[in-house]
Amino acid sequence: MDLLLIAPGNASGIYQDLSNSYAAIEPPTWALLLAQSVRSIGFEVAIMDINAERVADEEALNRIIDLKPKLICFVVYGQNVNAGTVNMSGATHLSKLIKEKNIKIPVAFLGSYVQALPIKAMKDETSIDFAFTNEGVYALQNVLKLNQINETELVNIKGIVRRENGKIVMNEPERIVPNERMDIDLPGYAWDLLPFNKKPLDLYRAPMWHAEYKEENRTPYAAIQTSLGCQFGCDFCMINILNRNDNDEIGVAGNYSTMRYWSPEFIIGEFEKLIKLGVYTIKITDELFLLNRKYYVPLCEMLRDRGYGENLRMWAYSRVDTVKRPELLKLVRSAGIKWLALGIESGDKEVRLEVSKGKFEDVDINHVIEQVHEADIEVMANYIFGLTGDSNESMQKTLDLSIELCTLGWNAYAAMALPGSKLYKDAIMNGTKLPTTYEGFSFHSYDTIPLPTALLTPAEILEFRDNAFNIYHSNSHFLNRVKNKFGQIAVDNINEMLKVKLKRKILETK
């Protein structure tokens with residue numbers, strides 16, 4: 001075995017009691033892409049998904065010993081682009097056990113946290129032998145080509161941070177996969193390497209809203225990307241840390257903003273693989289799926305023309321200002337995209353513009369949501385409380401707007417300074433109190449610490465967010481829409497979900 005890719009898990013620490021039944025379990029996208037990439041050039045690879053299988057420590061160690069891989073690589077991302085940091089908790093727990101048990105296999109880390117904070121990660125976590133400072137495709141291939149993986153051999157590998165005689169050294173950056181090589185050097189997903197119970201991908205489950213609030217619709221579940229990156233630079237996001245090409249000790253997303261795409265012909269082949277496996281509930285992970293017509297229009301047309309759209313239950317992200325044309329929405333719906341996740345962020349225009357680089361300046365959000373609903377597409381509306389400039393009044397405006405829009409999906413976070421984002425670097429420079437644990441960067445964890453604003457404390461913001469969640473999901477207008485669309489069982493499931501109460505450390509001492 002040349003390579004063991006480990007997707008770490010710590011669901012209870014990240015989601016608390018929501019992890020038992022309500023948190024989604026998403027296939028490890030980057031582990032799947034990397035696995036397919038390295039085996040396409042002849043390497044033997046396996047994937048161990050701790051989160052999906054709920055693998056206990058002893059079993060994980062026994063599997064590692066049995067497989068005897070040349071390299072162990074923890075692929076530490078999350079279920080959205082901003083969630084990689086929180087999974088460092090489960091990854092470092094297992095990497096420390098590997099070293100404690102004297103398993104003499106090199107341990108590498110790849111993910112958004114080590115890309116944002118490579119020096120800090122290596123200083124704090126002595127169980128990491130080296131880490132990838134970029135997306136890792138070519139660097140990982142070059143590491144596997146070495147006769148031996150040790151300090152001496154790693155000196156000339158681009159795109160890693162490593163140890164040398166007790167010191168931490170960042171090698172020069174490695175290139176990322178260029179657009180013209182996407183189909184070749186990232187040739188799809190190693191779906192067959194994922195664990196399953198009775199049928200492929202049945203250990204993975206969609207979010208409740210994506211499944212129309214019905215348990216039977218949640219699995220099997222898959223996530224797929226048609227592009228990488230984002231051309232925008234919102235202060236709260238760190239998506240483009242994935243494409244880091246600098247050597248600063250604290251990385252900030254946005255220094256690489258070129259999006260890259262697989263060809264529509266290539267992506268339709270991945271959809272066909274999933275459909276043959278019986279998977280119809282699918283997330284399109286792209287940050288901005290409905291942005292470049294050159295790629296998404298032919299893909300949607302192929303999904304429609306081949307009859308796949310009738311049975312698919314898909315969702316995709318989009319900007320609010322890219323879904324204003326009824327003919328576009330009609331095409332999207334015919335392709336099987338029944339939900340659009342839209343980042344509305346705030347009900348206060350000035351707050352939105354402060355962090356979102358001019359988003360929505362000329363957009364009538366109410367009209368856009370009406371058009372989406374008229375196309376028989378539901379909306380997962382995303383909001384953020386505690387953005388720069390927020391006050392109690394502006395947060396209330398956001399909640400009021402969300403109730404007025406009455407989307408069947410509602411998600412709100414308290415603003416967090418996530419490693420890799422501009423908010424994080426600003427917080428470090430300003431001496432703002434940040435979480436002291438990886439789990440503390442989870443929006444749902446016990447230890448979470450949002451950012452303060454000039455007018456609000458972290459505790460005030462978090463309390464408003466948690467109350468807003470309950471207010472929205474118990475609103476009669478919302479529940480009536482759910483009942484009319486999905487039936488009484490969906491309403492019952494929402495009411496059961498509301499019985500799960502998150503515990504918050506900073507609210508206990510407020």
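Reply: Helices (H or I, at least four residues) and strands (E, at least two) are DSSP runs, numbered from the N terminus. This is a predicted model, where local features need pLDDT of at least 70, side-chain atom pairs count only at pLDDT 80 or more, and totals for chains, interfaces and linings use all residues. Residues are numbered from 1 along each chain as its sequence is written, and side-chain values use heavy atoms, with hydrogens and water left out.

Me: Where is Cys 406 found, and why is Cys 406 called buried?

Reply: Cys 406 is in the loop between α16 (392-405) and β15. Buried means under 20% relative accessible area, exposed over 50%, partly exposed in between (1.4 Å probe, protein chains only). Cys 406 has 2% relative accessibility, so Cys 406 counts as buried.

Me: Why does Tyr 213 count as buried?

Reply: The relative accessibility of Tyr 213 is 3%, therefore Tyr 213 is buried too. Tyr 213 sits in the loop between α10 and β8.

Me: What is the phi of Tyr 213?

Reply: Tyr 213 has a positive phi of about 60°, though it is not a glycine. Most residues other than glycine have a negative phi. Cys 406, also a residue other than glycine, has a positive phi near 50°.

Me: How do you know that β11 and β12 pair?

Reply: Two strands pair if DSSP finds at least two bridges between them. Here 4 bridges join β11 (residues 281-284) to β12 (residues 313-318), so these parallel strands meet that definition. Ile 282 stands opposite Met 314 in β12.
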